[in-house]
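Please keep the sequence and the model in view while reading.

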Amino acid sequence: MQHFIKALAAAVVLGATLGHAAVTPEEVRQLGTSLTETGAEKSGNREGTIPAYTGGLTKPPAGFKQGSGIRPNPFADEKPKFSIDAKNMAQYAAQLSEGSQSLLQKYPSYRIDVYPTHRTVAYPKFVTDNTVKNAGKAKTTNEGRSITGAHAAIPFPIPKDGYEVMWNHLLHFNGRMVVSKYRNVNVDASGRATVASEGIAELDYPYWDTERVSDVYSRTRVRYSGPARRAGEALLLVDPLNSGAQDRRGWGYLPGQRRVRLAPDYAHDTPNPGTAGATTFDDTFVFNGSMDRFNFKLLGKKEMFVPYNAYAAVYQTRQDDLFKPNHLNPDVLRWELHRVWVVEATLREGKRHVYSKRRFYINEDSWGAVLSDEFDARGKIYRAGFALQAPSYDQPAPADGVWGAYDLATGVYTVGGYAAETGGLTYAKPLSEREWTADALAGTGVR
């Protein structure tokens, strides 16, 4: 890990120079010039291995069927430039997360196939216009855990600290309303894949409603159809912008009891029933929910190999071909070199969590987390999280796609949001407000 530590130390220096100063008018003027409207570096890197940003991918490839939920791979004909395995990983250590290095060392069959980099993330015009217009107005309060002054925009296109980067992740544009007919799968150390849960997830983002300002940024409703013991269950989660003062609100419906119960523990490090307890609630999409358990420090930005443009894994690969013993099938995973913001979270004094430290890697174009490292109470790496982004060129939106985590202690890994065989990911008209109440939750289940 020596190369990684040296590279991260250099990133810390960059992070220190960012400080906590307010965004200046001169910095705001960089948006749309040297920076994209949402804050990424517009130019490529010196070596030419990261191209300049030219607006992203907005034209669907041949074979795409509008509304199908399944998106063809626009890069299906490309071949890897090179591969990284345990034998040559030292050569690339500075561009690998600690979790990636641990997986390469632990499993001889694990490898990282590196493809040409494509900056495919694109946004609707209202997102870029609002972000530029709002730049410098958003503020964090409650020691970074709440946010004000932002609506329907990337709140901190020029971030100054770790909380601002994490708010960009929590609020990154993913469409107004997303519906996923999904499956969560756990794979044990022997390679046996088990469906932990299956159903329909409806994700609503009131923050991106251009006509109405809400104090809620995210609402999630999940209706379970499987396995048989879970069929008919449902849950509802509501995340407020003022999460430093009020935590997530959660409710659960159990058909055997035929009633909705308040579930305040559906957050933080509570084992997630959707993954049969293989991950925590705040592991979902690499990180979600309140930031009140950790201190978040911005370490800077660096170039790293991350899973990207993962259309083959997200949409085209059947379960038996994707889920292999110990890890996902390297043959269908795609890795690219991208610039990411690095944020390190350390457990706050007096707070409890199964992780003592976490490290997040946030893509500069999408503002979505693509990798994470989680450490146990002894400071030893425990889990390695990932998100397989496959931007929705039809929306357009970055699209979170499949997410999951490798448990490096037990050899078990979990994959959430797998939808290639169950219906994919679609965009829908927002539900009415009455559909997002606890009273309405019981009606979504099977009684």
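In which helix is the place of H169? H169 is in helix α5; helices (H or I, at least four residues) and strands (E, at least two) are DSSP runs, numbered from the N terminus. The model is predicted: local features need pLDDT of at least 70, side-chain atom pairs count only at pLDDT 80 or more, and totals for chains, interfaces and linings use all residues. Residues are numbered from 1 along each chain as its sequence is written, and side-chain values use heavy atoms, with hydrogens and water left out.

**Helix α5**
- H169 has a relative accessible area of 3%.
- Contacts of H169 (heavy atoms within 4.5 Å) include F285, F287 and W367, not counting residues up to four places away in sequence.

**Cis peptide bonds**
- Most peptide bonds are trans.
- A cis bond joins G226 and P227, with omega about -5 degrees; P227 is in the loop between β7 and β8.
- Another cis bond joins Q395 and P396, with omega about -15 degrees; P396 lies in the loop between β17 and β18.

**Positive phi values**
- Most residues other than glycine have a negative phi.
- A152, in the loop between β4 and α5, has a positive phi near 55 degrees and is buried at 0% relative accessible area.
- A276, in the loop between β10 and β11, has a positive phi near 55 degrees and is partly exposed at 49% relative accessibility.

Notes. Buried means under 20% relative accessible area, exposed over 50%, partly exposed in between (1.4 Å probe, protein chains only).
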